[in-house]
Every structure is written in C-alpha cells, then in structure tokens.
Amino acid sequence: MAASSLSDSDKRKNMPLEYTTEEGDLRIVGFWIFMASDLVLFSTLFATYLILQGSIGNGPSAKDLFEIGPVMAETIVLLVSSFTCGLGTLELRRHNTKGLIFWFVVTLILGLIFLGLEINEFYVYSVQEGAPIHLSAFLSGFYILLGTHGAHVTLGIFWVICIVIQLAQRGVTPVTARKAFMAGLYWHFLDVVWIFIYTAVYLTGMVI
Amino acid sequence: MIENIKAFLGDFFVTGDPMIYGADVSIALASIAIVVTLTYFKKWRWLWDEWLTTVDHKKIGIMYIIAALLMLFRGGVDAILMRTQLALPNMNFLDADHYNQIFTTHGTIMIIFVAMPFIFGLMNIAVPLQIGARDVAYPYLNALSFWLFFFGAMLFNLSFVIGGSPDAGWTAYAPYAGPELNPSSVGQNYYYIGVQISGIGSLMTGINFLVTIAKMRAPGMTLFKMPMFTWSILITSLIIIFAFPTFTVTLALGLFDHLLGTHFFTIGGGGSPMLWANLFWFWGHPEVYIVLLPVFGIFSEVIATFAHKTLFGYATMVCSMVAISILSFLTWLHHFFTMGNTAPVNAFFSLSTMLIAIPTGVKIFNWLFTLNKGRIEFTTPMLWALAFIPNFTIGGVTGVMLAMAPADYQYHNSMFLIAHFHSTLIAGTVFGVFCGLHYWWPKMFGYLLNEKLGKWSFWVFMISFNVCFMPMYFLGLMGMTRRMYTYPAGLGWGPVNFIITIGAFGMGVGFVIMAWNIVWSAIKGKRDTTGDPWGGRTLEWSIPSPAPEYNFAHIPKVTTRDAFAAMKEDKKRGREQKPKPFEPIHMPNNSGIPFIMSALFFVAGFGFVFKWYWMGIPGLIGVAICMIARSFVYDDHHHIPTDEIERTERATGRLS
Ligand code: HEM
Ligand SMILES: [Cu+2]
C-alpha cells in the first residue's frame with residue numbers, strides 16, 4: 001500500500017466515514033468499476049433477449065404469457081426496498097448503528113418478498129402455463145435474464161446478512177461503513193437493472 | 001454390476017489410444033514425483049506458506065509465468081502433433097476426431113492459458129514496481145484471480161484423460177458445439193466451464209490493475225509520466241472490463257444449452273447459431289488486443305532501454321493505443337464476412353478493420369524512430385524486440401488483406417488465415433512475452449539468463465518461425481483449408497507441408513534451448529548485484545534484484561518520464577536526496593482462501609461437466625462459504641517493522 005502523505009490523510013478526515021481510509025477509497029472505486037462490468041454483463045443478456053424475443057418456436061409469445069399484476073407487485077416491492085436501503089445509508093451518515101441495521105433488515109425482508117414473488121411467477125409460467133425454459137428461444141432468454149437478476153438479488157441478500165451481523169458485532173467503523181455503503185450501491189444498481197427489465201421485457205412484451 | 005462399473009470407467013477415462021495411456025502414465029509419474037520430492041525435503045509447509053497462500057504480486061507473477069510456460073509446452077506438443085499429421089499426404093498418425101480435439105485444445109490453451117497468463121505474470125511483476133507502489137490495489141483478489149486461472153486451466157486439461165476433449169474449435173461455433181450435434185456434452189462442457197472459471201479471474205485482474213494504476217502511482221507520476229508498459233496495461237485493463245463480461249454470458253448460455261436444454265444457439269426451438277458467432281467475437285476481437293497491447297508496451301520499454309534513448313512519440317503511442325482499444329470493439333464481424341451479411345454491413349466492418357492498421361502503423365514508426373540514431377545494444381530481449389517489428393508487420397499486412405471483405409471469400413478459413421494470425425500471435429505476443437521474460441528475469445530472481453543460450457534460442461526459434469509460417473501463406477493460396485486433418489497426394493501441397501513441419505519442430509527446439517537456459521542460469525547464471533543490469537530507465541530498476549517484499553523502502557518521488565534515468569542523472573550531478581528514516585510498512589496478510597475457493601470451483605466445475613449435480617451444487621455452496629468466511633476476516637494486514645527494513649536494505653547493499 002502506498003503510504004498516504006499528510007495532506008492526503010488531512011483531506012480524508014472531512015470525508016464520509018467509508019472514505020476515511022485509503023483502502024476504503026480504493027475498494028469503493030473498484031466496486032464502481034465492477035458495477036460497470038456487471039452492466040456490460042446485463043447488456044449482453046438484454047441484447048440476447050431482445051434478439052430472441054420473437055423466436056417463440058412452438059411456445060407462447062410474450063403477449064400470451066405476461067400478466068401485469070405480479071409484475072407490478074415485484075416492481076413496487078423492489079423499488080420500496082431501494083428506498084429503505086437509501087434510508088439505511090442516511091443512518092450510516094449519522095453513524096447510527098441501530099437505525100442502519102433496522103433499515104437494512106427491512107430491505108432484506110422486502111428483498112425476500114421480491115424473490116418469493118419472482119419464484120412464484122416462474123412457477124406459474126413454467127408449470128401452470130406450460131412454458132418451461134426449454135420450450136423456445138424466447139423463454140430461454142426470458143428466464144435467464146430474469147434469473148440472472150434474481151441470482152444477483154439472492155447474492156445481495158446473503159451479503160447484506162453478513163454485513164448486518166458485522167454491524168451488530170462492531171458498530172459503524174470505517175470498515176463496516178464501507179461495506180454497508182457498497183452493499184447499498186449494489187442494491188440500487190439491481191433496482192436500475194430491474195427498471196430496464198420492466199421496460200424492455202414486460203412493457204414492450206405486453207404492448208408489441 | 002461389474003459390467004456396469006467397467007462400462008462407466010470406459011466412458012469416464014479416455015481409453016483405447018496409446019498416446020492417451022502415455023499421458024496417463026506421465027501424469028501419474030509426474031504427480032508421484034512431485035509428492036515424493038515435497039515430502040522428502042519436507043517442503044509442504046514451505047509450499048503452502050510461501051506460495052499457495054501468498055498475496056505478493058511478485059510471487060503471483062512468477063506462478064503465472066511458470067503455469068504459462070507449462071501450458072505453452074502442452075500447447076506446443078499439440079502443435080507438433082498436428083504438424084506431424086500434416087507433414088505428408090494421407091498420413092495415419094492422428095484420425096479426424098483426434099485432429100479436431102487437438103486443434104481445439106491447442107487454440108484454447110494458447111490463447112486462454114498461455115498468452116493471457118504470461119502477460120498477467122509480467123504485468124504483476126512489473127506494473128507495481130514501475131509506478132512505485134508496494135502492491136496492487138487488491139492483493140487478496142489478485143491471488144484469487146491467479147488460482148481461478150490455474151484451476152480453470154487444470155479442469156480444461158483434465159479433459160484429455162477423463163471424459164474426452166472438446167472438438168468444436170477454440171471458437172466453439174454453434175450449432176456444432178451445441179447439444180443437438182454434440183449430445184455427449186462432456187468435452188464441450190469442459191470448454192465452457194474451464195474457460196469460464198479462468199475468465200472470471202481475468203475480469204478481476206482487469207479491475208485490479210485499472211484501480212492500481214489509476215490510484216496508486218507514486219507522488220508526482222502523472223498519467224503522462226507513466227512508463228509505456230504501464231500505459232498499455234491500463235488500456236488493456238479497460239478492454240478486459242468491457243469485453244470479458246460478454247464472454248462470461250456467452251459461455252454460460254452455451255453451457256445452459258447443454259445443461260438446461262435452453263435454445264440460445266440451437267437449430268430447433270427458435271435458437272440462433274449466428275448469435276454465438278456474434279457474441280463470441282464481440283469478446284474475441286478485443287481479446288486479441290488484450291494479448292497484443294501489453295506486448296506493445298514491453299517492446300516500447302525494451303527498445304527505449306537498449307537504444308539508450310527516450311521513447312519516440314510518447315503521446316502518439318498512447319493515443320494510438322486508445323484508438324486501437326476503441327476500434328477493437330467495432331470490428332468483430334470480420335471473422336465471418338462470408339456468413340451471409342448484407343454488403344453494407346460487410347463494408348462497415350471491412351473499413352473499421354482496416355482503420356486499425358493506422359494507429360498500429362504509427363506505433364511501428366515510433367519504434368523505428370526510437371531506434372534511429374540510438375546506441376543499439378543487441379541483448380537477447382532486444383533481439384526479440386527487433387525481430388518483432390518486421391515479422392509482426394507481415395502479420396499486419398496480411399491482416400489488411402483479410403479485411404477486404406470480397407477478397408476474404410478467397411482467404412477465409414484457409415491456411416492463409418492460420419499463417420496470418422500466427423504471425424501476429426507468435427511474432428507479436430510470443431516474441432513479446434519472451435522479450436519481457438528475459439528483460440525482467442533478473443528483477444524476478446536476482447540473476448540474469450545466459451546471453452549466449454538466449455541468443456541461440458532466439459535465432460533458432462525466429463528462423464524456424466519463418467520456415468513454418470511463411471510457406472503457409474502460399475499453402476493457403478494454393479487452396480488448403482484450415483482444420484483439415486489430411487489431404488490427398490497430387491495437389492502439390494506435400495512438399496510445402498513438409499517444410500512447414502520442419503519449421504514447427506525447429507520452434508520446439510528453440511523452446512527447449514530456452515528451457516535449458518533457465519535451468520543452466522539457475523545454477524550458473526550471473527548474479528545481478530546492482531538491481532539495474534540493463535541500465536534501465538524506469539523505477540523497477542531502482543530497487544534491488546530480486547525486489548524485497550515491500551518493493552520500495554521509501555516511496556520514490558517522480559518528476560519526469562523515465563523517472564529512474566532522471567534519478568541516475570541527478571546522482572551523477574551530486575543532486576541526490578538525503579535518505580529519510582524508515583517508517584513501518586503496511587502489508588496485506590497471506591490467505592489460504594483463494595486457493596481453497598478456486599479448488600472448490602474446480603470441484604463444482606468437474607461436477608457440472610458430467611451433469612453430476614450432487615457434486616456441482618455442494619461445490620458451489622463451498623465457494624459461497626469461502627466468500628462468507630472472507631467477509632468476516634478483519635485482521636488482514638500487518639506491519640513490517642523498521643529494523644527489518646533496515647536489515648533487508650543493508651543486506652542488498654543499499655545502506656552503508
Ligand atoms: C509453436 C508454434 C505453433 C505451431 C507450429 C502452431 C500450429 C498450429 C496448427 C497446425 C494449427 C491448426 C491448423 C488447422 O489445421 O486448422 C493451429 C491452430 C491454432 N493456433 Fe497455433 N501453432 C503454434 C503456436 C500458437 C500460438 C503461440 C498461439 C496463440 C497464442 C496459437 C493459436 C492458435 C489458434 C487460436 C488456432 C486455431 C484453433 C482452431 O482452429 O480452433 N498457436 N496452430
Ligand atoms: Cu478480429
């Protein structure tokens with residue numbers, strides 16, 4: 001690690017807690033870059049989906065399959081979870097461990113509800129409506145794009161659980177603050193991806 | 001029961017071929033030899049503490065290079081097998097199946113498990129030293145990258161003896177690679193999963209080095225004072241970050257077609273085989289620049305050092321690399337001009353491809369102008385660099401020929417193409433990594449490689465390279481296509497092929513001489529006591545060889561380009577700064593998690609190759625447990641006390 005010169009550490013003192021160490025700073029920068037690469041990953045999946053959207057083979061089309069109800073529910077739950085996660089970050093700024101943990105736990109619960117709704121949607125489509133993943137290219141693209149998002153959410157849930165435990169053990173320190181801050185970024189990122197899914201998959205699917 | 005077990009084992013292990021049994025025996029013998037040696041010399045603890053758990057960028061770099069050299073050996077044996085089969089018409093050395101498997105493993109190994117890790121190794125060693133840093137931004141992640149690459153490579157290589165190798169080419173085009181035409185899946189799954197595991201490591205390396213270079217340069221080193229190799233790695237990292245996620249998805253979708261029965265690239269169910277080609281090359285073309293830009297950086301360093309001049313046209317060097325990196329994302333379609341695109345589409349990609357020749361040409365001229373009126377010293381690294389210029393230019397010119405879409409209908413998938421990309425990959429990447437290997441060897445190990453043996457290996461390899469690949473262009477023009485396992489007599493191809501095979505063996509000899517040089521020099525090589533054996537210009541030469549654990553006892557202050565050359569100049573004029581007292585140095589702790597986690601990835605991957613979910617899923621759960629365990633590690637660094645720094649510096653003669 002490069003030794004931080006005096007002026008550098010002076011500058012850091014006035015920063016939010018997660019930026020007060022050089023290491024925290026480095027990791028947050030790296031995390032932004034990671035999210036950029038994850039965006040490329042999702043872009044590839046979106047491109048694939050949009051190309052295959054019309055290739056329905058013997059299966060149903062998007063219009064036949066999608067229903068607005070469950071999709072709206074998922075969207076609202078996820079957007080609200082992003083809001084509660086943001087409230088958590090505000091508590092982080094106030095160095096309020098309890099408040100941060102509270103909002104993170106609320107976020108976790110909403111995340112789990114979202115996952116439950118999504119799994120149920122998959123179940124309805126693939127079993128009840130008889131449109132499983134291996135029926136057509138359109139369905140493959142659909143399940144894998146949404147499944148990748150869902151897998152990200154699942155990973156996020158495990159991550160936030162770890163962070164909540166560490167917050168309970170150690171309180172808000174530069175290290176736990178950094179982790180909580182990064183998890184917050186990640187959660188908002190997944191929200192943004194969902195908004196694209198909502199538009200590119202569901203809205204266009206039901207309209208066009 | 002017994003019959004069942006027999007049938008299973010017969011499928012599981014590749015049987016019925018003496019070559020494979022030979023491989024089985026040699027793998028078993030080599031493993032036993034390693035275990036016995038380690039046990040006999042009581043070196044297990046040492047291996048674990050010093051290497052398997054290390055997070056030191058220099059050691060990780062050395063491990064990358066060792067692995068890359070081993071893989072180069074395997075890929076080279078594949079090449080020699082192919083060339084033996086093609087030496088004469090109607091040869092019966094390999095059958096068609098075998099030939100397919102061998103060109104597939106050769107291509108995949110050479111690109112993914114030789115070129116990439118060799119470059120990662122050299123950049124691990126040189127970049128932190130060039131920018132005056134004590135490590136990379138994320139040392140732990142760096143170790144994880146290495147072990148993911150390593151276990152990915154091991155998984156891929158296992159296919160040779162267990163289950164069977166992939167045979168759909170390194171490009172794994174659908175639908176041939178897909179489940180419809182490749183129903184056994186095993187070989188193809190090895191490809192998807194082995195390459196995937198190491199690809200994740202590559203992506204993390206890209207992020208790691210981008211942040212390292214962006215944030216950890218020594219005070220005073222602005223972007224435009226960075227050494228050219230560091231510049232090349234910065235740009236390469238950006239390409240990695242934007243190209244590799246696409247590949248991650250592509251491989252995953254290919255795997256899902258086999259495991260889940262999805263219809264991404266299939267013929268039936270509305271799948272699109274062309275989608276594979278597009279996605280693959282959207283990563284694949286940037287990939288060739290990922291393995292090329294870093295060696296441009298190496299050549300820039302070496303040419304400036306041994307011409308004893310600053311690099312000519314620094315800013316244009318940087319600009320042309322930036323231009324290349326952008327254009328590299330706009331040319332992917334030139335790999336399938338012949339696959340039914342409309343004329344305007346072909347025209348666009350034809351032009352974008354030819355455009356790349358301009359910044360590349362600028363670089364070539366910059367190197368030539370650096371040499372102009374320089375005091376050229378013909379060391380081994382310099383020979384590789386000088387040979388690169390004309391040989392690579394031939395590859396570039398034939399590349400422009402291939403870029404003309406209408407003409408490509410003639411060249412496409414012929415031996416002309418094979419000759420073209422070997423001219424760029426060997427005269428570019430391989431010459432480059434050999435050049436870097438000789439150049440930085442003293443910094444890695446504290447002694448020099450022997451110059452005489454080095455020159456022998458250079459001349460033998462370089463001449464053989466031309467004997468092998470120059471005639472191959474003409475063979476392509478005579479009509480021989482690639483991936484052709486044999487050919488009838490009477491087409492006039494026989495003699496040319498025979499010459500090519502002689503060249504291939506010659507390159508093998510060159511490689512053996514180099515290996516011998518490594519062994520010889522380890523025993524008798526000249527020690528590098530100064531830390532600056534070549535009269536270097538950049539900061540890595542300002543510290544002892546091999547570099548101490550913490551690299552720089554004091555972080556250097558940089559005022560100009562070629563920082564170390566300027567420091568030496570200052571010293572001559574007596575304007576040296578007084579040494580300050582040492583301060584304790586903050587260093588990251590070793591960790592066993594990267595090794596264990598990657599091994600679990602290997603286990604999971606092996607399970608998925610055979611669709612053994614009972615093995616794959618617990619493997620992945622193990623990976624998750626490792627990640628959670630790491631999240632709870634807080635005690636992850638230590639400080640090197642000042643008296644230890646003082647002792648180390650004194651031992652290398654830096655303190656009187
Ligand atoms: C030691 C010198 C080498 C020799 C003699 C050699 C020879 C060959 C031959 C005979 C083929 C197959 C041609 C065909 O029938 O289609 C081939 C393919 C290939 N080689 Fe090499 N090669 C060498 C080094 C390399 C290196 C250093 C790289 C990359 C860094 C490389 C990358 C490839 C690739 C990507 C393919 C295409 C595989 C495919 O068709 O899927 N080769 N090489
Ligand atoms: Cu290309």
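These legends go with a set of close-up views of a predicted model.

View 1. Chain A has seven helices and zero strands, so the pattern along its sequence reads simply α-α-α-α-α-α-α. Its C-alpha trace spans about 65 × 30 × 25 Å along the principal axes. Of the 208 residues in chain A, 53% count as buried. Take the contacts in chain A between residues at least 6 apart in sequence: 79% of them join residues at least 24 apart.

**View 2. The surface and charges of chain A.** The accessible surface of chain A comes to about 8,900 Å², and 70% of that belongs to carbon and sulfur atoms. Chain A carries 11 positive and 15 negative charges.

**View 3. Ser82(A) and its contacts in chain A.** Ser82(A) has its place in helix α4 of chain A, which covers residues 68–93. Its relative accessibility is 9%, so Ser82(A) counts as buried. Set aside the neighbours within four places in sequence, and Ser82(A) is in contact with Trp187(A), His188(A) and Asp191(A).

**View 4. Three histidines around the copper ion (ligand 2).** The copper ion (ligand 2) is coordinated by His285(B) through ND1, and by His334(B) and His335(B) through NE2, at 1.7 to 2.0 Å. Along the chain, these donors follow the spacing H-x48-H-H. His285(B) and His334(B) link distant parts of the chain, 49 residues apart. His285(B) belongs to helix α9 (residues 273–290) of chain B, while His334(B) is in the loop between α11 (314–327) and α12 (343–371). With a relative accessibility of 6%, His285(B) counts as buried. His334(B) is buried too, with a relative accessible area of 14%.

View 5. A search of the whole structure turns up 15 salt bridges over all chains, and one of them pairs Asp49(B) with Arg45(B). The closest N and O atoms of this pair are 3.1 Å apart. Both residues lie in helix α3 (residues 44–52) of chain B, four residues apart, or about one turn of the helix. Asp49(B) is partly exposed, with a relative accessible area of 30%, whereas Arg45(B) is exposed, at 57%. As a general point, side chains of opposite charge can pair when their charged atoms come close.

**View 6. Glu50(B) paired with Lys59(B).** Here Glu50(B) forms a salt bridge with Lys59(B), and the closest N and O atoms are 2.8 Å apart. At 33% relative accessibility, Glu50(B) counts as partly exposed. Lys59(B) is partly exposed as well, with a relative accessible area of 21%; the cut-off for buried is under 20%.

View 7. The side chains of Lys455(B) and Glu451(B) meet in a salt bridge, at 3.6 Å from N to O. The two are separated by about one helical turn because they are four residues apart in helix α16 (residues 451–477) of chain B. Both ends count as partly exposed: Lys455(B) has a relative accessibility of 28%, and Glu451(B) a relative accessible area of 26%. Elsewhere in the list of pairs, salt bridges that share partners join Glu569(B), Lys572(B) and Arg573(B) into one network.

How values were computed. Residues are numbered from 1 along each chain as its sequence is written. Chains are lettered from A and ligands numbered from 1 in the order in which they are written. This is a predicted model: local features need pLDDT of at least 70, side-chain atom pairs count only at pLDDT 80 or more; totals for chains, interfaces and linings use all residues. Side-chain values use heavy atoms; hydrogens and water are left out. Buried means under 20% relative accessible area, exposed over 50%, partly exposed in between (1.4 Å probe, protein chains only). Contact means heavy atoms within 4.5 Å. Accessible areas come from the Shrake-Rupley method with a 1.4 Å probe; for residues, only the protein chains shown count as cover. Lys and Arg count as positive and Asp and Glu as negative; His and the chain ends are not counted. The place of a charge is taken as NZ of Lys, CZ of Arg, CG of Asp or CD of Glu. Donors are N, O and S atoms within 2.8 Å of the metal (3.2 Å for Na, K and Ca); water is not among the atoms, so sites may look incomplete. A salt bridge is a side-chain nitrogen of Lys or Arg within 4 Å of a carboxyl oxygen of Asp or Glu.
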